[in-house]
Amino acid sequence: MDMAAFDQVRQLAASHYLVRALHVAAELDVAGRVGQGKRPVAALAEEADANADALGRLLRLLASRGIFVFDGTDVSNTPASELLASGHPASLRDFVLMFGQPIQWTMAGDLMHAVRSGEAVADRAHDGGLWSYFKDNPEYGRQFDGAMTAKSAAQIGGILATHDFSRYRRIVDVGGGRGHLLAAIRGRHPQLECVLFDLPQVIAAAEAEGAAAQLRLVGGDFFTNDLPAGDAIILQEILHDWDDAHCHRILAAARRALAPGQRLLVIETEVPPGDTPDWSKLLDVVMLAAFAARQRTADEYRTLLAAQGFRLLAGTDTGAGISIFEAEPL
């Protein structure tokens, strides 16, 4: 027997316990409690209202994957575990907590239905699906917002470094949330007019956070309202939330708002070719379960764009786990 293959399969078969261990460590804020240097497990367990032996065994498992250093008595952080601390400037704690929410486990458990039917299972887990779940559970909604903010912050530097936004006069970010990308663009290019378009309740939240000081805020729905005109329209991680039919409607709205020579910037996590492990391939199955949506390859984006009258000019890997697909209307 190939023992390496045997071990690979058995570890993968039980890896949901590894994943849950990461969630538990984040929930207990172990990394934040450890801080710099070493802390005894016994002291951490007392602070976190946990069993010292059980917490030590959980940390031993995580340390075997590079999350924490554990010598049997004391714990210290690694660069990876530091990202679990709530006070870290690039904290992924909310991102981890989001994937540990009960609905995520329910959707994963119902994956067979998604695979057999091609349908989303989030609405089977909660009436109204994932967005309704966040609305009905405000703390989980806050974690989602925090996760998206952290992810965006990690990617913005790569986006700014690989695309020249100075060539535009007016940029419209469709579905841009609280306006973090536009604020970063305008911070580098203050001469630009930047327009944030999102649902009215999202715009109200952005306004409450002071986004109106830098950005023009427009509330609306890209399925029912005309998009604001601009030299460039940004769709950052919008299309991956929808199946092809809904993506065609979104792209048609963008096409109506753009004139010849203007640009559509689709910013998405691209699925690379081959069988190498990649976050996009895991995220693709998450999107299937959540929305019957998908992550796409470069060729799939080219085909999707062409169907709505766009020509793909370039696909650029930002080096930050996300790509920019630049297209022009025909």
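Mentor: A salt bridge is a side-chain nitrogen of Lys or Arg within 4 Å of a carboxyl oxygen of Asp or Glu. The structure holds 20 salt bridges. This is a predicted model, where local features need pLDDT of at least 70, side-chain atom pairs count only at pLDDT 80 or more, and totals for chains, interfaces and linings use all residues. Residues are numbered from 1 along each chain as its sequence is written, and side-chain values use heavy atoms, with hydrogens and water left out.

Trainee: What makes aspartate 53 and arginine 57 a salt bridge?
Mentor: Their closest N and O atoms are 3.2 Å apart, and the cut-off is within 4 Å, so the pair qualifies. Both residues lie in helix 5 (residues 52–63), 4 residues apart, about one turn of the helix. Helices here are DSSP runs of H or I with at least four residues, strands are runs of E with at least two, and both are numbered from the N terminus.

Trainee: Why is aspartate 53 called partly exposed?
Mentor: Buried means under 20% relative accessible area, exposed over 50%, and partly exposed in between, with a 1.4 Å probe and protein chains only. Aspartate 53 has 49% relative accessibility, so it counts as partly exposed.

Trainee: And why does lysine 38 count as exposed?
Mentor: Lysine 38 has 57% relative accessibility, so it falls in the exposed class.

Trainee: How do you know that the salt bridge of aspartate 145 and arginine 178 ties together parts that are apart in sequence?
Mentor: The two side chains meet at 3.4 Å, N to O. Aspartate 145 lies in helix 12 and arginine 178 in the loop between strand 4 and helix 13 (180–188), so the pair ties together parts that are 33 residues apart in sequence. Aspartate 145, at 35% relative accessibility, is partly exposed, and arginine 178, at 26%, is partly exposed too.

Trainee: Why is histidine 163 called buried?
Mentor: Its relative accessible area is 9%, so histidine 163 is buried. This residue lies in the loop between helix 12 (138–162) and strand 4 (170–174).

Trainee: What makes the pair of histidine 163 and arginine 167 a polar contact?
Mentor: A polar contact is a pair of N or O atoms within 3.5 Å; within protein, one must be able to donate a hydrogen and the other to accept it, and residues adjacent in sequence count only if both atoms are side-chain atoms. The side chains of histidine 163 and arginine 167 are joined at 3.4 Å, so the contact meets the distance limit.
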